[in-house]
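Please walk me through this protein structure.

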Amino acid sequence: MCGQFPTCVETFKHEEKPVKVKGLNKSKKKANTTEIKHIYTGYPCGDANKRERCVCFSDTRSKPSCTENGKTYTLDHGGANVEVLCMHIDGGVVDDAESQRCDYAYFVRDKVDHGHGRAIFIELKGSNTRTALKQLIVTLDMPEVNALKRSYKRIYGRVVNTSSVPRIQNTGLYMDLKEKLKRMGGNLKIGEWNLVEPYNKLDIANG
């Protein structure tokens with residue numbers, strides 16, 4: 001994992017700035033139009049190519065979602081004043097082809113938590129739920145992720161798969177991850193295909 005990951009999560013900023021652009025209108029007369037310029041700052045590596053690989057988005061869209069393997073996770077905050085930074089973990093922040101890490105992580109910035117407070121680690125899987133749980137555990141055990149605990153007091157784990165394994169909640173693997181996330185102030189939830197989660201229900205555990 002990139003050693004600058006914790007700093008990037010803390011300092012990354014995305015601004016949208018209206019910029020007037022000179023051009024011609026339909027009558028071919030000089031006219032000014034306004035375009036949105038995206039400004040990215042606060043990524044310590046200073047490498048725009050790495051930034052594009054690691055950062056999926058950082059904005060206040062009401063239903064931020066990530067999709068992979070035909071599975072989707074959506075956080076619905078109902079248009080509240082919440083900014084979500086979505087980082088691509090496996091294949092982005094971690095570029096080791098042999099790695100076993102989760103797919104994405106959301107870092108939620110809201111006024112209640114003074115810009116910090118909640119992080120959601122997400123694995124979008126096929127049918128191998130046990131492997132998904134292992135990938136979350138490995139990711140959460142990384143030193144770079146542990147460094148975020150100082151700012152993110154609530155860390156959650158989410159798995160979206162094709163179908164849940166019968167009695168998966170009774171396995172030691174599930175219980176270990178559940179307890180780990182509980183110590184991190186969060187919880188574990190598993191959904192199928194398209195998991196849409198209201199922001200105000202993050203702390204409601206499934207059992």
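**A buried ring pair and the sheet around it**

Phe107 is buried, with a relative accessible area of 0%; buried means under 20% relative accessible area, exposed over 50%, and partly exposed in between, using a 1.4 Å probe and protein chains only. This is a predicted model, in which local features need pLDDT of at least 70, side-chain atom pairs count only at pLDDT 80 or more, and totals for chains, interfaces and linings use all residues. Residues are numbered from 1 along each chain as its sequence is written, and side-chain values use heavy atoms, with hydrogens and water left out.

Phe121 is buried too, with a relative accessible area of 0%. The structure holds 7 aromatic pairs. Phe107 and Phe121 form one that is edge-to-face, with 6.0 Å centre to centre and 85 degrees between the planes. Rings of Phe, Tyr and Trp (its six-membered ring) pair if their centres lie within 6.5 Å; planes under 30 degrees apart count as stacked, over 60 as edge-to-face and the rest as tilted. Phe107 lies in strand S7 (residues 104–110) and Phe121 in strand S8 (residues 118–124), so the pair ties together parts that are 14 residues apart in sequence. Helices (H or I, at least four residues) and strands (E, at least two) are DSSP runs, numbered from the N terminus. Phe5, Phe107, Phe121 and Tyr152 form one aromatic cluster.

Now step back to the sheet. An open sheet is formed by 6 strands in the order S3-S6-S7-S8-S9-S10, and its pairing is mixed. Two strands pair if DSSP finds at least two bridges between them. Strand S3 (55–59) and strand S10 (188–192) stand at the edges, each with a single partner strand, so one side of each is left without a neighbour in the sheet. From one strand to the next, the twist averages 20 degrees. Axes are lines fitted to C-alpha atoms, for helices over the stretch in contact, and angles run from 0 to 180 degrees between N-to-C directions.

S3 and strand S6 (residues 82–88) run antiparallel and are joined by 4 bridges. Here Val55 stands opposite Met87 in S6. Contact means heavy atoms within 4.5 Å.

S8 and S9 are parallel partners, with 7 bridges. Phe121 has Gly157 as its bridge partner in S9. S9 also runs parallel to S10, and 5 bridges join them. There, Val160 has Gly191 as its bridge partner. S9 is mostly covered, with 7 of its 8 residues buried.

Which strand holds Glu123? Glu123 is found in S8. Glu123 counts as buried, at 2% relative accessibility. Its side chain reaches the backbone nitrogen of Asp103 at 3.1 Å. Glu123 and Cys102 are 21 residues apart in sequence, yet 4.8 Å apart in space, C-alpha to C-alpha. Leaving out residues up to four places away in sequence, Glu123 touches several residues, among them Arg101, Ala132, Leu136 and Arg158.

Strand S5 (residues 71–76) and S11 pair in the parallel sense over 5 bridges. Thr74 has Val196 as its bridge partner in S11. In a regular strand the side chains alternate between the two faces of the sheet. Glu197 counts as buried at 4% relative accessibility. Not counting residues up to four places away in sequence, Glu197 touches residues including Tyr73, Asp76, Arg158 and Lys189.

Two arginines meet rings. The charged end of Arg51 sits over the ring of Tyr40, 4.0 Å from its centre. The charged end of Arg61 sits over the ring of Phe57, also 4.0 Å from its centre. A charge sits over a ring if NZ of Lys or CZ of Arg is within 6 Å of the ring centre and within 35 degrees of the ring normal.

Finally, the whole protein. It has 5 helices and 11 strands. Buried residues make up 43% of its 207 residues. Among contacts between residues at least 6 apart in sequence, 64% join residues at least 24 apart.

Key. A polar contact is a pair of N or O atoms within 3.5 Å; within protein, one must be able to donate a hydrogen and the other to accept it, and residues adjacent in sequence count only if both atoms are side-chain atoms.
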